[in-house]
Amino acid sequence: MTVEDIKVLIADDSILARKLIKDTLSEIGCNNFIEAKNGLESVEKFKQEQPDIVFLDIVMPGINGVEATRQIMEADPDAFIVMVSSVGTKSFLQEALEAGARDFLQKPFNGDNLKSIVTKLCD
């Protein structure tokens with residue numbers, strides 16, 4: 001799999017945060033994006049689209065990123081989920097990792113770290 005082939009689900013209630021992730025990944029040739037604006041929609045779109053990687057905000061309306069992680073992992077135990085959240089969500093982060101998330105990016109995130117996660121997926 002190449003970076004160009006990767007299908008990415010970006011779930012965040014902030015359109016700006018979703019755009020920032022898309023723009024950053026576009027710089028390395030990634031251009032197959034699915035977006036969700038809340039936790040419930042992220043689970044539905046995961047099941048429909050079967051993305052290769054999921055970037056999930058922790059604090060979202062409806063169900064939060066931790067619960068979305070649990071539901072996605074029930075649907076596909078091999079799902080590759082990266083939590084993306086701001087300061088003050090450390091207790092949620094531990095829950096998300098226990099639920100199956102594989103990595104974490106702190107907002108505001110470093111673009112190089114984001115790119116590194118995606119390129120490692122291709123190795």
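Contact here means that heavy atoms of two residues lie within 4.5 Å. Residues are numbered from 1 along each chain as its sequence is written. This is a predicted model, in which local features need pLDDT of at least 70 and side-chain atom pairs count only at pLDDT 80 or more, whereas totals for chains, interfaces and linings use all residues, and side-chain values use heavy atoms, with hydrogens and water left out.

**View 1**
The protein has five helices and five strands, where helices (H or I, at least four residues) and strands (E, at least two) are DSSP runs, numbered from the N terminus. Along the sequence these elements follow the pattern β-α-β-α-β-α-β-α-β-α. The C-alpha trace spans about 30 × 30 × 25 Å along its principal axes. For 123 residues a compact globule would have a radius of gyration near 14 Å, and the protein agrees with this, having 13 Å; the radius is taken over C-alpha atoms, and the globule rule is 2.2 Å times the number of residues to the power 0.38. Of the contacts with a separation of 6 or more, 66% are between residues 24 or more positions apart.

Buried residues make up 46% of the 123 residues, where buried means under 20% relative accessible area, exposed means over 50%, and partly exposed lies in between (1.4 Å probe, protein chains only). The accessible surface comes to about 6,200 Å², and 49% of this surface belongs to carbon and sulfur atoms; such areas come from the Shrake-Rupley method with a 1.4 Å probe, and for residues only the protein chains shown count as cover. The protein has 13 positive and 21 negative charges, and their mean positions are 3 Å apart. Lys and Arg count as positive and Asp and Glu as negative, while His and the chain ends are not counted, and the place of a charge is taken as NZ of Lys, CZ of Arg, CG of Asp or CD of Glu.

Most residues other than glycine have a negative phi, and most peptide bonds are trans. Gln50, however, has a positive phi, near 50 degrees, and this residue lies in the loop between α2 (39-49) and β3 (53-57). With a relative accessible area of 43%, Gln50 is partly exposed. Lys107 and Pro108 are joined by a cis peptide bond, with omega about -10 degrees, and Pro108 is found in the loop between β5 (103-106) and α5 (111-122).

**View 1. Salt bridges between separate parts of the chain.**
A salt bridge is a side-chain nitrogen of Lys or Arg within 4 Å of a carboxyl oxygen of Asp or Glu, and by this rule the count comes to eleven. One of them joins the side chains of Glu49 and Lys7 at 3.6 Å, N to O, and this pair links distant parts of the chain, with Glu49 in helix α2 and Lys7 in strand β1 (residues 7-11), 42 residues apart. Glu49 is partly exposed at 34% relative accessibility, and Lys7 is partly exposed at 21%. Another salt bridge, at 2.7 Å from N to O, is formed by Arg18 and Glu35. Because Arg18 lies in helix α1 (residues 15-26) and Glu35 in strand β2 (residues 32-36), this pair ties together parts that are 17 residues apart in sequence. Arg18 is buried, with a relative accessible area of 10%, whereas Glu35 is partly exposed, with 25%.

The side chains of Glu27 and Lys115 meet in a salt bridge of 2.6 Å, N to O. Glu27 is in the loop between α1 and β2 and Lys115 is in helix α5, so that distant parts of the chain, 88 residues apart, are linked. Glu27 is exposed, with a relative accessible area of 57%, whereas Lys115 is buried, with 17%. Elsewhere, salt bridges that share partners join Asp12, Asp57 and Lys107 into one network.

Thr24, in helix α1, is buried, with a relative accessible area of 9%. Leaving aside neighbours within four places in sequence, Thr24 is in contact with Phe109, Gly111, Leu114 and Lys115. Thr69 has its place in helix α3 (residues 65-75) and is buried, with a relative accessible area of 0%. Not counting residues up to four places away in sequence, Thr69 touches Leu56, Ile81, Met83, Ala96, Ala99, Gly100 and Ala101. From C-alpha to C-alpha, Thr69 and Gly39 are 8.7 Å apart in space, and they are 30 residues apart in sequence.
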